[in-house]
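Open the model in your viewer and keep the selection tool handy. We will go from the overall layout to a few individual residues.

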Amino acid sequence: ELNLNTEFIGKDVKVYESIDSTNKQAKRLAVEDATEGTVVIAEEQTEGKGRRGKSWSSPPKQGLWMTIILKPKIHPSKASMVTLLAGLSVVQAINDCSQNKAQIKWPNDTVINEKKVSGILTEMSSELDLVNYIVVGIGVNVNTQTFDDAIKDTATSLYIEEGKSYERAVIAQKILKKFEQNYILFLKEKNLKLVLDTYEKNCINLSRQVKIIHHNEVEYGKAIGISEEGHLIVLDENGTEKLLNSGEVSIRGI
Ligand code: BTN
């Protein structure tokens, strides 16, 4: 049912009616012998996972819950770029079919009207200097109409912002196509700059003030760019340049 016009991303698609988490399933398949580009999709996740140990609500049919298995021959330090590429691909895919403008909130959330419509959880297994596999889990709130109280002020869906229902398969197809294009550019290192430029153009944080939360300490800065390893480059209050690592800090104040 997925009409993909891709080279290797999504050549093999595993669809489940209900599963604990597509990331968990992807990791199980990755250590078996799933090939690069295998995609895991579920109608429903019973233990959907978000970043920072949070859960991710994944009721049946309301969203796209999907994980891509990758096996790039790269150094683990380059892996966070893959997550950024996935975020960019989601934004590009949504902008292809929405009236409202979708933007990336660094590192990889997608926001529409400053509310979150999609999140990404990337998990990696690596040896000292080589990646074994990366699973990129993408959650898009597609047809969700209401959210739990805890997130209702910050979360949204395509349905809520655009006022119409979407075919989840069409969204999946667009994301996978974009992701493949971006991933191929990324693997040919000389094109990395091009992808980074596109990312920066689509990023809501650039030139804006960000509130940086690191181990409960709060700081302010101005986002000025993205490094080649996917850090957010900010100028702190003293005008000193700092590289923020997505694993360590969370930012607010878009
Ligand atoms: C976040 O913003 O906190 C990340 C959310 C990631 C959710 C997706 S849904 C598909 C995949 N499977 C999971 O368990 N999580 C990711």
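How many Å separate the centres of domain 1 and domain 2, taken over C-alpha atoms? The separation is 23 Å. Before you select anything, note that residues are numbered from 1 along each chain as its sequence is written. This is a predicted model, in which local features need pLDDT of at least 70 and side-chain atom pairs count only at pLDDT 80 or more, while totals for chains, interfaces and linings use all residues.

**The two domains.** Colour 13-201 as domain 1 and 209-252 as domain 2; these bounds come from an automatic or database domain assignment. Domain 1 brings eleven residues to the contact and domain 2 brings eight, with contact meaning C-beta atoms, placed from the backbone, within 7 Å. On the domain 1 side, select helix 2 (79-95) and helix 5 (192-201), the elements that give two or more residues. Helices (H or I, at least four residues) and strands (E, at least two) are DSSP runs, numbered from the N terminus. Helix 5 supplies the largest share of that side, four residues.

**Helix 2.** Stay on helix 2, where 16 of the 17 residues are buried. Buried means that 20 or more other C-beta atoms lie within 10 Å of a residue's own, exposed that 12 or fewer do, and partly exposed in between, with C-beta atoms placed from the backbone.

**The ligand.** Next, show the 21 residues that surround the ligand; the closest are Ser21, Gly50, Gly119, Gly137 and Gly139.

**Loops worth a click.** Which residues does a cis peptide bond join? They are tryptophan 106 and proline 107, with omega about 5 degrees. Proline 107 sits in the loop between strand 4 (102-105) and strand 5 (109-112).

Now pick arginine 52, in the loop between strand 2 (39-45) and strand 3. Its phi is positive, near 55 degrees, though it is not a glycine. Arginine 52 counts as exposed because it has 7 C-beta neighbours inside 10 Å.

Serine 207, between helix 5 and strand 8 (209-214), also has a positive phi, about 70 degrees. For context, most residues other than glycine have a negative phi, and most peptide bonds are trans.

Finish at glutamate 167, in the loop between helix 3 (158-162) and helix 4 (168-187). Glutamate 167 and glycine 63 are 104 residues apart in sequence, yet their C-alpha atoms are 9.6 Å apart.

Definitions and conventions
A residue is near a molecule or strand if its C-beta atom, placed from the backbone, lies within 6 Å of it. Two residues are in contact if their C-beta atoms, placed from the backbone, lie within 7 Å.
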